[in-house]
Amino acid sequence: MMKILIIEDEQAIRNVLANILKDENKKWEIDEAENGGIALEKIKEINYDLVLCDIKMPVKDGLEVLELGLDINPDLTFIMISGHGDIETAVECIKKGAYDYIQKPPDLNRLLNSVRHALDRKNLITQNKSLQEENKALKRKVSDKYEMVGSSQHLQEIQEMIDKVAATDARVLIVGPNGTGKELVAHHIHEKSDRNKMPMVEVNCAAIPAELIESELFGHMKGSFTGAHKDKAGKFEQANKGTLFLDEIGDMSLSAQAKVLRALQEKKITRVGGDKEISVDVRVLAATNKNLKKEIANGKFREDLYHRLAVILIPVPALNDRKEDIPELIEHFAQKIAEGQGKAPKSFHKKAIEKLKNKDWTGNIRELRNVVERLVILGNNPITEQDVEDFVK
């Protein structure tokens, strides 16, 4: 229901305006104030959608109410009404933030059109704010998904490195065992970079068959191979102006490596089956669990590509090397798991946490999360040392 405030010192005019608005739409809630002082008190208490305001009034005139009212609520819409107006007054009202200015006696159609349009504008502002809040909430949700949890020296050093490199376009190679959270580092670099309004496109090089990796990265033209029924843009094109994250880069074929090297050198790609060069502006982040220097020595990875990718090298430690973060990680995972199940989070007894800290975490953070989920489902509340002995092998 739309709420409209009429500010007018003459009772008869207030009655006429109120009746006109009620006849137009019985769902509109009409409120009245006989002077500017009373009006401002009402504006402080009630979130009005529209204000019809006279200019010449006792206590505070309309221009003062307009200025002070917008200070209280910057989204408030004012239509100013005056029988003593001139062009200069109208211009001053609009400059101070009024939506419209109408002279007395108001033309009925002119007044109602202005009111309708003003309320439509208010609706658009409200919807836009709602969308902005939804977008912020979604972004927070995405950010939470990639939250880096812990306060160990190792993690602080990684975060300091991220802060230094994020604002640049330097290529980053993230190395570490499986399950340590290398993708979290990549997402934080992207989110803190100037490219964060553009997409971050991820490619798991180990999950794509060798014969399809080039098509996946560079795209293909219709008919270039069996199953290529239409032209398709590759990941480099999809990430244009944004970030391309090449996960498990050590599993990429040598032929694909050569094309990636060319793309990095020339900032151009060619689709499979095509001959047209396509310019791309992409920041490349890469990650691997392999020792690429050994892969180079064994002829499985190009040394020139390694040096192109490893402008900045960020090592991510195994969980066994940052066990002081385990209590925080347990609490974080327990909270997230409970939220996903729509239940209150379970707590962990100190002895249970200590027992988990002493475990050998060969599967790193990924393994820890699975263990916490198992304990949340099967264990008591609080989760005890005995629960850990029973359900964690």
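Which residues does Leu246 touch, not counting residues up to four places away in sequence? In this predicted model, Leu246 touches Val203, Cys205, Leu217, Val260, Val284, Leu285, Ala286 and Ala287.

In soluble globular proteins, nonpolar side chains tend to be buried together. The largest nonpolar core here has 32 residues, and those touching the most other members are Leu217, Phe236, Leu244, Leu246 and Ile249. Two or more residues come from each of the elements β6 (172-175), β7 (200-204), α8, β8, α10, β11 (283-288) and α12 (303-309). The element that gives the most to this core is α10, with five residues.

A pair of aromatic rings is described by the distance of the centres and the angle of the planes. The count for this model comes to one aromatic pair. Its partners are Phe218 and Phe236, which are stacked, with 5.4 Å from centre to centre and 15° between the planes. Phe218 belongs to helix α8 (residues 210-218) and Phe236 to helix α9 (residues 235-238), so the pair ties together parts that are 18 residues apart in sequence.

Another ring has a charged partner. Lys359 lies over the face of Trp361, at 4.5 Å from the ring centre.

The next feature is a sheet. Strands of a sheet pair through backbone hydrogen bonds, either parallel or antiparallel. In this model, five strands form an open sheet with parallel pairing, in the order β2-β1-β3-β4-β5. At the edges are β2 (29-33) and β5, each of which pairs on one side only. From one strand to the next, the twist averages 20°. Leu5 has Val51 in β3 as its bridge partner.

Helices pack on this sheet. Helix α1 (residues 11-24) touches β1, β2, β3 and β4 (78-82), and its direction makes about 170° with that of β2. Helix α3 (residues 62-72) also packs on the sheet, touching β1, β3 and β4; its direction makes about 175° with that of β4.

Most residues other than glycine have a negative phi, and most peptide bonds are trans. What is the peptide bond from Lys104 to Pro105, cis or trans? This bond is cis, with omega near -10°, and Pro105 is found in the loop between β5 (100-103) and α5 (108-145). The bond from Asn381 to Pro382 is cis as well, with omega near 5°. Pro382 is in the loop between α15 (364-378) and α16 (385-391).

Positive phi values occur at Lys241, with about 75°, and at Glu248, with a value near 55°. Lys241 sits in the loop between α9 and β8 (243-247), while Glu248 is placed in the loop between β8 and α10 (254-266). Lys241 counts as partly exposed, at 45% relative accessibility, whereas Glu248 is buried, with a relative accessible area of 11%.

Conventions. Residues numbered from 1 in each chain as written. Predicted model: local features only at pLDDT ≥ 70, side-chain atom pairs only at ≥ 80, totals over all residues. Heavy atoms only, no water. Phe/Tyr/Trp six-rings, centres within 6.5 Å; stacked < 30°, edge-to-face > 60°. Helix = DSSP H or I, 4+ residues; strand = E, 2+ residues; numbered from the N terminus. Lys NZ or Arg CZ within 6 Å of the ring centre and 35° of its normal. Buried < 20%, exposed > 50% of the residue type's maximum accessible area, 1.4 Å probe, protein only. Pairing = 2+ DSSP bridges. Axes fitted to C-alpha atoms, helices over the stretch in contact; angles between N-to-C directions. Contact = heavy atoms within 4.5 Å. Core = buried A, V, L, I, M, F, W, Y, C linked by side-chain atoms within 4.5 Å.
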